[in-house]
Amino acid sequence: MTDSYSLGGLGPRLRLTAESVEHLMTRLEVDPRWTVSALVDMLVATMEQTVVTELLGVLLDRFPERPTDLAAVRTFLTPLIGAPRRRAFEDPDEPIMRFELPQLRDYSDVARWLNLTVGELEWFADRGHWLRTKDGPLQHYRYWQVPKRDGVRMIEAPKPHLREIQRRLLSTIVDHIPPHRAAQGFVPGTSTSSFAWPHTDRPVVVRIDLRDCFSSIGIARVRAIFAAVGYQRTARVLAELCTTTTPITHLRDVHHRQAALLRQRHLPQGAPTSPALANLVMRAMDRRIWGYARRNSLHYSRYGDDLGISGDNMNPEAVLWVVQRIIADEGFTVHPDKTKIMRAHQRQQLAGLVVNDQPSIARRDYDNLRALLHNAIRTGAQAQNRSAHPNFRAHVRGKIAWIGATSTQRRNILLALAEQVDWDR
């Protein structure tokens, strides 16, 4: 059974012709490859362009790996053969909206919807790439670096006007497009706890971390999301409003690998739209890993760039080999230093939660945050802001929410301490 929201295509009305299916089967018989790039080449050569991205998602969801018997592919595609259905009231020249989304037929519609002139829309979208070399007041983002064990994390926070534009895009468009069920972060009703629960009390847990996740998602992939839900004519400007190019002046201390990604238009870490868009871009990867996991009686979930896979009877090395190749095929990079195979006699930890018994925060993390709040009560908040977070109060509140996701008692203790802090001093 196909999903009404197929990755990339997102369309509920996929219909194929018998001739195109026969042409595809002929190519599959002579080409042994089963990768995204190879399948795209075969589909483009045999199918109408309008069904390629949707059919690709459907095929990879049903067959994460090349089936040994290609007759299974023919059997799977046969029910999709037929003339496309079009409702009588549909205008063939109008975009087909996949969800209950605002109609934005052209740039003028987008500008009016955002209460902007067309010139202002082009400025915020950086249509002319003016901001690559501009700095200071002319920039739409504020930049700062957060030290990491293996480098720095570049935070790119939109300034107020662009942030409000992105929030409107998030609340009225992006949040209405469902991610894959494996995504347990930045989705209402999910948390680190819901991410970790499927992996509790398992003999083996595999943790995989994606390197430079946001910056590796370029504008083409964001544009494809908007186009797939019906914004074919305005997808480019909507994607431009949600992506940015980091000015070269902010890349001096950044590793050349990361800097190369940041110099291209990418999802900025710090924009309200980025986490949800990243979930949608990673839906193809989620579907493939989810399908592989289900066929092998495994459990898979993802929280942002953290992936968790577990099972009662699994060969972790073999699983890791397959999943890493799916990740690479989907255009992402695994962080080798953060990939771990954790067995029952070890501490099994996902997104900071220990999952050997049930999801819980390590005692030292709770103690460290409680000590920070005690010190902040005594000295004021700014003296404890050693990493120079621009909004230290929000940062601490986020850590309290993280700890509180698994313990109401700890959350209440930390919130009571936070109420006593002078955050302006």
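Begin with salt bridges: the count comes to 17, where a salt bridge is a side-chain nitrogen of Lys or Arg within 4 Å of a carboxyl oxygen of Asp or Glu. This is a predicted model, where local features need pLDDT of at least 70 and side-chain atom pairs pLDDT 80 or more, while totals for chains, interfaces and linings use all residues. Residues are numbered from 1 along each chain as its sequence is written, and side-chain values use heavy atoms, leaving out hydrogens and water.

Now select Arg112 and Asp109. They form a salt bridge, with the closest N and O atoms 2.6 Å apart. Both sit in helix H5 (residues 107–113), 3 residues apart, so about one helical turn separates them. Helices here are DSSP runs of H or I, at least four residues, numbered from the N terminus.

Next, colour by domain: domain 1 (18–80), domain 2 (101–176 + 218–266), domain 3 (180–216 + 274–357) and domain 4 (362–420). The bounds come from an automatic or database domain assignment. Between the centres of domains 1 and 2, taken over C-alpha atoms, you'll find 34 Å.

Last stop: pick H15 (residues 363–379) and H17 (residues 408–418). They pack at about 20°, with axes 9 Å apart; axes are lines fitted to C-alpha atoms over the stretch in contact, and angles run from 0 to 180 degrees between N-to-C directions. H15 and H17 are therefore roughly parallel (angles under 35 degrees). Show side chains where they touch (heavy atoms within 4.5 Å): Tyr366 and Leu369 are among those in H15, and Ile413 and Leu414 among those in H17.

How values were computed
Helices (H or I, at least four residues) and strands (E, at least two) are DSSP runs, numbered from the N terminus. Angles under 35 degrees count as roughly parallel, over 145 as roughly antiparallel, 65 to 115 as roughly perpendicular and the rest as oblique.
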